Amino acid sequence: MGKQTGPRMTLPTQLVLRALLEDPTREMYGLEICAAAGLPTGTIHPILARFEGIGWLESRWEEADPHEQGRPRRRYYKLTSGGIEQARQSLAQVEAKMASFRGAARRLAGGAI
């Protein structure tokens, strides 16, 4: 099997990538990503940290004063230009593998699937 160059493409990882790719030039904060991906908050932050570590994602803290806003500062995330391309390629590879698995399963089941 080939060497993996990006993150493991778990289902949560794929959901986060799909959420970020809906509008890849838009900055999103954590709870927005959670809602778009349909995942709980504790799930996405390790994924976002991995993406940032490999250069697919960049982040920044908002400049707003938490006392004025009445909430903690938000951290905004955005895919890098290279991250957009890598994310699309990785998701395409997952889709190709799934299509291959479905084809193999159909053959094994005699076309019943």
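Along the sequence, the protein chain runs α-β-α-α-β-α-β-α. The model is predicted, so local features need pLDDT of at least 70, side-chain atom pairs count only at pLDDT 80 or more, and totals for chains, interfaces and linings use all residues. Residues are numbered from 1 along each chain as its sequence is written, and side-chain values use heavy atoms, with hydrogens and water left out.

### Exercise 1: Overview

Count the helices and strands, then state how much of the chain is buried.

Step 1. The chain holds five helices and three strands. Helices (H or I, at least four residues) and strands (E, at least two) are DSSP runs, numbered from the N terminus.

Step 2. Of 113 residues, 30% are buried. Buried means under 20% relative accessible area, exposed over 50%, partly exposed in between (1.4 Å probe, protein chains only).

Step 3. Take contacts between residues at least 6 apart in sequence: 52% join residues at least 24 apart. Contact means heavy atoms within 4.5 Å.

### Exercise 2: Helix packing

Describe how α1 packs on α2 and on α3.

Step 1. Two packed helices are described by the angle between their axes and the distance between the axes. Axes are lines fitted to C-alpha atoms, for helices over the stretch in contact, and angles run from 0 to 180 degrees between N-to-C directions.

Step 2. For α1 and α2, the angle is about 110 degrees and the axes are 8 Å apart. The two helices are therefore roughly perpendicular. Angles under 35 degrees count as roughly parallel, over 145 as roughly antiparallel, 65 to 115 as roughly perpendicular and the rest as oblique.

Step 3. L15, V16, A19 and L20 of α1 meet I33, A36 and A37 of α2. This contact has seven nonpolar, no polar and no charged residues. Ala, Val, Leu, Ile, Met, Phe, Trp, Tyr, Cys and Pro count as nonpolar, Asp, Glu, Lys and Arg as charged, and the others, Gly among them, as polar.

Step 4. The axes of α1 and α3 come within 10 Å and cross at roughly 75 degrees. That pair, too, is roughly perpendicular.

Step 5. From α1, P12, T13, V16, L17 and L20 meet T43, I44, I47, L48, R50 and F51 of α3. By class, these are eight nonpolar, two polar and one charged.

### Exercise 3: Aromatic pairs

Classify the geometry of each aromatic pair.

Step 1. Rings of Phe, Tyr and Trp (its six-membered ring) pair if their centres lie within 6.5 Å; planes under 30 degrees apart count as stacked, over 60 as edge-to-face and the rest as tilted. Two pairs qualify.

Step 2. Y29 and Y76 have ring centres 5.8 Å apart and planes at 80 degrees, so this pair is edge-to-face. Y29 lies in β1 (residues 28-29) and Y76 in β3, so the pair ties together parts 47 residues apart in sequence. Both Y29 and Y76 are buried.

Step 3. F51 and W56 have centres 5.6 Å apart and planes at 20 degrees, so this pair is stacked. Both F51 and W56 are buried.
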